[in-house]
Amino acid sequence: MKKFKLEGNQFLLLITILLFFIMYAIGLIVFRDNNFGRLQVFLNLFVSNAGLIVIAVSMTMVLITGGIDISVGSVVAMTCMLLAWMMEKQGIGAVPAVIIVLLVGIVFGLVQGFLIAYLKIQPFIVTLAGMFFARGMTAIISTEMISIKNELFLSWAQEKIYFPFGGYVNKKGVTINPYIYPSVVLALLVLVIVFIMLKYTKFGRSIYAVGGNEQSALLMGLNVRRTKLKVYIIDGFLAAFGGFLFCLNTCSGFVEQAKGFEMEAIAGAVIGGTLLTGGVGNVIGSLFGVLIKGTIETFITFQGTLSSWWTKITIAALLAFFIILQSLFAKAKEKRK
Amino acid sequence: MKKKLLSVILATAMVATMVGCGSATSEPAAAPAAEEAAPAKEAAPAEEVAEEPAAEEASDDLIVVGYAQVGAESDWRTANTESFKTTFTEENGYQLIFDDAQQKQENQIKAIRSFIQQEVDYIVVAPVVETGWETVLEEAKEAGIPVILSDRMMDVSDDSLYECWVGGNFVKEGSDAAAWLKTYLEGQGKGEEEINIVTLQGTIGASAQVGRTDGFASGMQDNWVMLDKQTGEFTQSKGQEVMESFLKKYPDIDVVVCENDNMAFGAIDAIKAAGKTCGPEGDITIISFDAVAAAFDSMIAGDMNADFECNPLHGPRVAEIIQKLQAGESVEKIQYVDEAYFDTSMDVAAIKETRAY
């Protein structure tokens with residue numbers, strides 16, 4: 001009893017992870033005749049959501065500081081468009097193009113971070129402006145869709161990394177081993193790095209301190225403003241990096257891309273146990289938040305007749321569930337004081 | 001402890017709802033049968049034998065088709081979806097797995113990946129956008145699943161990635177419209193007169209815009225003058241705006257070609273607001289495309305002269321193609337659906353009753 005009270009946040013994380021496995025187990029039972037049990041179905045959760053995983057990880061970090069970044073969806077679209085435009089219309093190579101978009105992301109984060117940390121403007125408003133700006137810039141670069149045909153870029157996008165086990169023969173007689181794309185490896189790498197940074201570095205701990213209570217963080221001698229600025233710079237970089245991974249999946253630039261992406265990232269983080277009030281959050285939870293969303297989507301496509309909008313309704317129910325749970329924990333905490 | 005209990009209950013309830021969603025309509029009879037069969041025979045191989053036929057039965061007779069639809073953004077789209085749902089029924093020997101992508105390409109890519117894992121026999125895609133399909137189509141190709149495109153084309157470097165494309169012939173719609181206008185003017189005794197035409201174009205670059213503009217241009221007569229062409233971006237408000245400026249600029253417009261119905265509605269409003277008349281009884285002839293239900297109302301009201309259909313009923317044609325592929329025949333890369341036109345000389349009110357959209 002005592003342990004559970006002390007580690008409320010871990011308990012939330014545990015529920016998220018448990019929920020994911022329960023849902024997956026249900027899928028295995030309900031869709032056992034439709035090959036739901038294949039390793040590839042599980043891997044596709046990562047393949048299709050590599051970009052979102054990075055964005056959700058980055059969002060978690062921002063939410064821990066008590067901030068928010070709703071510009072990420074537009075930054076993803078701008079990144080895809082910039083990549084497509086530079087490679088296809090300007091003849092810039094794939095490597096310099098990727099470096100340029102990552103730099104653009106850093107500058108974007110720097111500006112937003114400066115406004116938030118040093119001019120003390122509400123993060124919501126700053127990133128709302130950022131959201132409009134990036135979406136607008138995407139359209140300025142090109143209102144037409146641009147298809148990426150750069151061979152090096154496509155080879156990154158299409159290079160399958162096969163697993164040596166878990167293969168299957170489909171009914172056409174083709175043997176297929178489970179595979180992932182490099183984007184999955186990169187996304188998981190980001191996850192691990194941010195996880196270590198948050199948990200084991202001084203900077204990581206100061207992020208939690210700033211989000212938990214800004215006043216006491218100041219009194220503790222932490223440079224609150226610089227911490228926030230750094231967080232938004234990393235966030236801008238990761239938004240562009242997530243955009244790059246997203247682009248590896250879609251291989252095109254298009255104004256309407258990744259609309260509502262920021263909200264999916266926030267939903268993933270909240271389901272994963274991150275508090276919007278700051279100070280609490282874990283990137284592992286956010287990963288599972290994204291995977292839960294992916295699992296619901298897989299359910300809907302496997303079921304085949306349900307409207308795909310049920311994904312949104314289920315996410316809404318899950319969000320409500322986790323928010324209520326969080327507030328129950330917060331109340332329990334207050335009582336103890 | 002109470003709270004812990006409460007949360008566990010909540011979690012269970014949530015999961016239970018999800019199961020409800022997942023299995024609502026899928027396999028009411030097959031599942032329990034398989035469960036009963038398994039424990040009856042204890043040996044592992046027997047279990048497999050017992051389950052295999054149940055799975056085979058479902059998939060052997062029925063051709064499984066996965067359809068990744070754009071969304072439900074318009075009446076046209078809904079009619080298109082309905083066409084697939086009514087064609088690919090179990091009575092006709094199909095099982096349709098339908099996915100609404102909510103206008104997002106990433107959702108369509110996910111749906112296609114899921115179709116591949118479910119080992120559907122055919123994948124049909126109405127792509128949200130033309131670009132960025134290579135990776136996922138390669139996956140389908142590797143799995144040996146034929147892909148059929150509906151409505152919109154895909155911009156892929158290797159066209160062996162899809163089996164064929166099914167859709168409307170926009171160029172033919174345009175040239176049909178010009179041919180209709182020629183006959184119509186001759187019928188009115190204006191075959192030799194100078195005719196001033198303006199065009200409200202669709203979103204520049206959209207295949208409907210390009211095809212209809214080119215098609216109409218190919219049917220232009222010597223005594224016809226194309227005064228101006230401007231985009232109304234397929235919307236009613238923009239169509240009205242552009243038509244207003246046309247009316248100010250050109251005092252003598254005889255014919256307005258609108259590349260979709262919404263722009264035609266806008267143009268009609270603009271013409272009426274300017275104190276002019278349109279339709280078969282009026283000064284200005286209105287030609288439009290798409291033939292949605294509201295356009296029939298407009299023809300019944302005598303505002304619009306003729307409308308050239310963009311047929312959303314792709315289901316039967318796709319079924320035809322699938323049957324050919326099943327028989328091992330090869331199919332044409334480009335497959336047009338049959339399209340008709342309607343004008344006020346017909347009994348449009350009666351036709352409207354028979355239409356699905």
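Mentor: Happy to. Two residues count as being in contact if their C-beta atoms, placed from the backbone, lie within 7 Å. Bear in mind that this is a predicted model, where local features need pLDDT of at least 70, side-chain atom pairs count only at pLDDT 80 or more, and totals for chains, interfaces and linings use all residues. Residues are numbered from 1 along each chain as its sequence is written, while chains are lettered from A and ligands numbered from 1 in the order in which they are written.

Let's begin with a pair in chain A. A:Ser206, A:Ile207 and A:Val210 in H9(A) touch A:Val224, A:Thr227, A:Lys228 and A:Val231 in H11(A). By class, this contact has four nonpolar, two polar and one charged residues (nonpolar is Ala, Val, Leu, Ile, Met, Phe, Trp, Tyr, Cys and Pro; charged is Asp, Glu, Lys and Arg; the others, Gly among them, are polar). Helix H9 of chain A covers residues 202–212 and helix H11 of chain A covers residues 224–250; their axes come within 10 Å and cross at roughly 110°. H9(A) is therefore roughly perpendicular to H11(A) (under 35 degrees is roughly parallel, over 145 roughly antiparallel, 65 to 115 roughly perpendicular, the rest oblique). Axes are lines fitted to C-alpha atoms, for helices over the stretch in contact, with angles from 0 to 180 degrees between N-to-C directions. Helices (H or I, at least four residues) and strands (E, at least two) are DSSP runs, numbered from the N terminus.

Now let's cross between the chains. Helix H3 of chain A (residues 39–64) packs with helix H5 of chain B (residues 105–117) at an angle of about 165°, with axes 11 Å apart, so H3(A) and H5(B) are roughly antiparallel. A:Gln40, A:Val41, A:Asn44 and A:Ser48 come from H3(A), and B:Ile109, B:Lys110, B:Arg113 and B:Gln117 from H5(B). Those residues divide into two nonpolar, four polar and two charged.

As for confidence, pLDDT is the predictor's score for each residue, from 0 to 100. Chain A averages 91, with 97% of the residues scoring at least 70. Within chain A, helix H5 (residues 94–117) is highest at 97, and helix H1 (residues 2–6) lowest at a mean of 44. Chain B has a mean of 83, and 83% of its residues reach 70 or more. Residues 1–59 of chain B stay under 50, a stretch with 44 contacts beyond four places in sequence. For the complex, the predictor gives an ipTM of 0.86 and a pTM of 0.79.
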